[in-house]
Amino acid sequence: MIVVAGESLIDLVPQGTGALAPLLPRLGGGPYNTAVALGRLGARTTFCSRVSTDGFGEALVDGLRAAGVDTSLLQRGPEPTTLAVATLGADGSAGYGFYAEGSADRLFELPAAPLPSGVRALALGTCSLVLEPGASAYEALLRREAGRGLFTLLDPNVRAGLIPDPDAYRARFESWLPYVSLLKLSEDDAAWLGGSVEEWLAAGPAAVVLTRGAEGLTVRTRGGAALDVPAVRGEVADTIGAGDTVNAALLHRLSAHGALSAGAPAALSALATAAWADILAFAARAAAITCSRPGADPPYATELAP
């Protein structure tokens with residue numbers, strides 16, 4: 001089983017150009033999208049978060065269940081659901097403004113008990129590691145479960161508009177790295193954070209996967225493996241959820257290669273270049289499907305069958 005922890009929210013996606021274009025509500029949030037993508041791929045997945053009991057929250061829970069995602073670790077509350085207003089560039093790239101004050105997902109509390117023994121990986125990231133008080137609870141979850149030997153994936157998925165003190169966040173990000181097995185981030189994230197892949201690998205992760213948009217994906221490992229895989233070309237409706245789909249595809253394919261284990265750093269470092277080529281190519285195909293349709297709408301396993 002894979003546990004994805006973090007926020008769920010409603011993306012308000014413009015249906016046209018201009019500030020007054022109609023907005024279509026879509027289920028979203030980086031961790032939420034990752035959990036749904038994993039469920040659609042057929043992975044046993046649990047979503048760990050706090051979700052509102054309002055109408056949007058009920059729709060979010062319904063979306064998890066429709067994807068086959070377990071909801072037993074959900075916390076529920078009457079606080080409103082976070083809203084993210086998307087703006088789309090000419091190339092389909094998305095920017096966001098957030099309405100998150102007092103919302104349910106930022107009031108997440110650390111579960112009293114460790115994650116169940118059958119869990120093989122924990123994935124975290126995005127707004128959930130920024131917005132307090134929930135950010136500290138998610139951080140505590142990362143540290144606790146990594147300390148128990150669990151495979152961890154971190155996707156910072158930086159939303160600069162939510163970060164009041166960039167230098168403090170960068171220092172906090174660096175403090176997470178010793179607890180991270182696989183760091184996945186975009187070129188934009190890497191530029192904003194200001195570090196290098198070599199520095200991040202030295203700090204803890206066994207592997208770093210960098211997404212480069214239309215240029216594809218890159219992996220570098222502590223064991224010295226280095227590989228670039230091209231993107232899959234196709235029509236782009238928008239890029240919403242593409243990075244989250246990559247997270248899910250990486251975890252799903254790493255599991256197929258037996259790399260989700262208590263010995264996470266050694267397992268990742270031992271992966272052959274051919275295995276990484278298969279993993280990254282699978283992620284590229286999955287992301288291309290997500291980009292081909294509006295909003296975060298990740299692919300099903302049948303769409304990725306050979």
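Me: Which residues point one way from β2, and which the other way?

Reply: Leu 9, Asp 11 and Val 13 point one way from β2, while Ile 10, Leu 12 and Pro 14 point the other way, and all are buried. Buried means under 20% relative accessible area, exposed over 50%, and partly exposed in between, with a 1.4 Å probe and protein chains only; strands (E, at least two residues) are DSSP runs numbered from the N terminus. This is a predicted model, where local features need pLDDT of at least 70 and side-chain atom pairs count only at pLDDT 80 or more, whereas totals for chains, interfaces and linings use all residues. Residues are numbered from 1 along each chain as its sequence is written, and side-chain values use heavy atoms, leaving out hydrogens and water.

Me: Which strands are joined to β2 by bridges?

Reply: Two strands pair if DSSP finds at least two bridges between them. Here six bridges join β2 to strand β3 (residues 23-28), and these two run antiparallel, with Leu 27 in β3 as the bridge partner of Ile 10. Three bridges join β2 to strand β7 (residues 83-88) in a parallel arrangement, where Leu 12 stands opposite Val 85.

Me: Why does Arg 50 count as buried, and with which side chain does its own side chain make a polar contact?

Reply: Arg 50, which lies in strand β5 (residues 50-52), counts as buried because its relative accessibility is 15%. A polar contact is a pair of N or O atoms within 3.5 Å; within protein, one must be able to donate a hydrogen and the other to accept it, and residues adjacent in sequence count only if both atoms are side-chain atoms. The side chain of Arg 50 makes such a contact with the side chain of Glu 79, at 2.9 Å.

Key: Helix = DSSP H or I, 4+ residues; strand = E, 2+ residues; numbered from the N terminus.
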